[in-house]
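Please keep the structure in view while reading.

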Amino acid sequence: MADDAPVKGSDMEARAEEFRSRYNQVKTEISKVIVGHDEIVHGVLTCLFVGGHALLEGVPGLGKTMLVRTLADALSLDFNRIQFTPDLMPADVLGTNVIAETPDGRREFQFQRGPIFSQIVLADEINRATPKTQSALLEAMQEHSVTVGGTMHRLKEPFFVMATQNPIEQEGTYPLPEAQLDRFLFKLVVGYSTREELATILERTTRGEFPKAAKVLDGDDLIRFQKLVREVIIAPHVQDYAIRLALATHPQGPFAAATTNQYVRWGSSPRGVQTLVLAAKVRALLDGRYNVSFEDLRRVYLPSLRHRVLLNFEAQAEGIDPDEVLLKVLDSVPEKAETPAAVA
């Protein structure tokens, strides 16, 4: 057994090095088209290598849709874009049963697949569709399947939903329900470009140049890397820190921060802790480590939990957003704490 240990260790090291190399290849291809937004690109790629969905929020024209399109160009995966509008119906997303005539002249129902049957689905301006249509995505996002007419249809793996929404235009929009928000691994807030980034954007887009990302990764590779991410070790005391970070968002709970009790109505679900740990494992691999650190958890804290915390009226009246609350919660949670056994 002792002789096998170095082999296993070197194998893990080789796989981790391949992970970093392929991750950076995809990031490099995206950077051919997308200027700046480094943390947003990292966030989207983290969702990709964990196997989760991403919600990108930002005002129009910041490159949200272009980022997802470029990501699809860099991957050998099927891609569909759905433009969400108030008159979009669930059948327009999922598909429907239609009457078709067979070669022998009989008529029968056949399932006509909707655009959800892809591997990367861009749900553009998702908050413009009605709640009924938004809910059509719930089963697909959670179970990776679609049920129509009592028949379940499996989606092709890997499957991702990348959704965009505009936070400023609220007329004619329908905010996503908490149950659907919780199914997104990350919520990424896309900001404005800097002076230097805008100069590069103009150079690329006003001179007749049309850069395009090359395909560098396929579905089988992604599934293999998703399994590798789950093999990264997290020590019990680091895992407990992640748990306490989530429990600190529960108002009136035993670990609740003062800020939580003042401004939070509902805290993070268990999916929040799962997201923290999985996303931190990606960060660890990118840093050449095979175990999660406290800093890894802190780096993914905001995108993991900002959409899983519901603020109360006092916070809304004072103009406080979830990021402000979460940063104060993060500062209040110590890395080390008494173990549950010691507390008991």
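Helices here are DSSP runs of H or I with at least four residues, numbered from the N terminus. The model is predicted.

## A residue in helix 12

A284 is found in helix 12, which covers residues 270-286. Is A284 buried or exposed? Its relative accessible area is 0%, and the cut-off for buried is under 20%, so A284 is buried.

Leaving out residues up to four places away in sequence, A284 touches V232, R289, N291, V292 and D296. F184 is 100 residues from A284 along the chain, and the C-alpha atoms of the two are separated by 21 Å.

## Nonpolar cores

In soluble globular proteins, nonpolar side chains tend to be buried together. In this model the largest nonpolar core has 76 residues. The residues with the most contacts inside this core are F19, V26, L71, L75 and L297.

What does L71 contact, apart from its neighbours within four places in sequence? The residues are V26, I30, V44, L45, L48 and M162. Another core, of 25 residues, lies apart from the largest one; L94, A123, I126 and V148 are among its members.

## One cavity

The count of cavities of 30 Å³ or more comes to one. The volume of the largest cavity is about 30 Å³. Its lining is made up of I34, H37, I40, L62, G63, K64, L67 and V190. Sorted by class, five of the lining residues are nonpolar, two are polar and one is charged.

## A hairpin

Strand 7 (residues 145-148) pairs with strand 8 (residues 151-154) in the antiparallel sense, over four bridges. V148 stands opposite T151 in strand 8, and V148 also belongs to the core of 25 residues. Two residues lie between the strands of this hairpin, and G149 takes a positive phi near 60° there.

## Backbone details in loops

H144 lies in the loop between helix 6 (136-143) and strand 7, whereas Q252 is found in the loop between helix 10 (236-247) and helix 11 (258-263). H144 is buried, with a relative accessible area of 14%. Q252 counts as exposed, because its relative accessibility is 63% and the cut-off is over 50%.

A cis peptide bond joins E157 and P158, with omega about -10°. P158 lies in the loop between strand 8 and strand 9 (160-165).

Terms used: Residues numbered from 1 in each chain as written. Predicted model: local features only at pLDDT ≥ 70, side-chain atom pairs only at ≥ 80, totals over all residues. Heavy atoms only, no water. 1 Å grid on protein atoms, 1.4 Å probe; cavity = no way out; pocket = protein on both sides within 12 Å on 5 of 7 lines; lining within 4 Å. Points joined across faces, edges and corners; volume = space filled by probe spheres on them. Nonpolar A, V, L, I, M, F, W, Y, C, P; charged D, E, K, R; others polar. Pairing = 2+ DSSP bridges. Core = buried A, V, L, I, M, F, W, Y, C linked by side-chain atoms within 4.5 Å. Buried < 20%, exposed > 50% of the residue type's maximum accessible area, 1.4 Å probe, protein only. Contact = heavy atoms within 4.5 Å.
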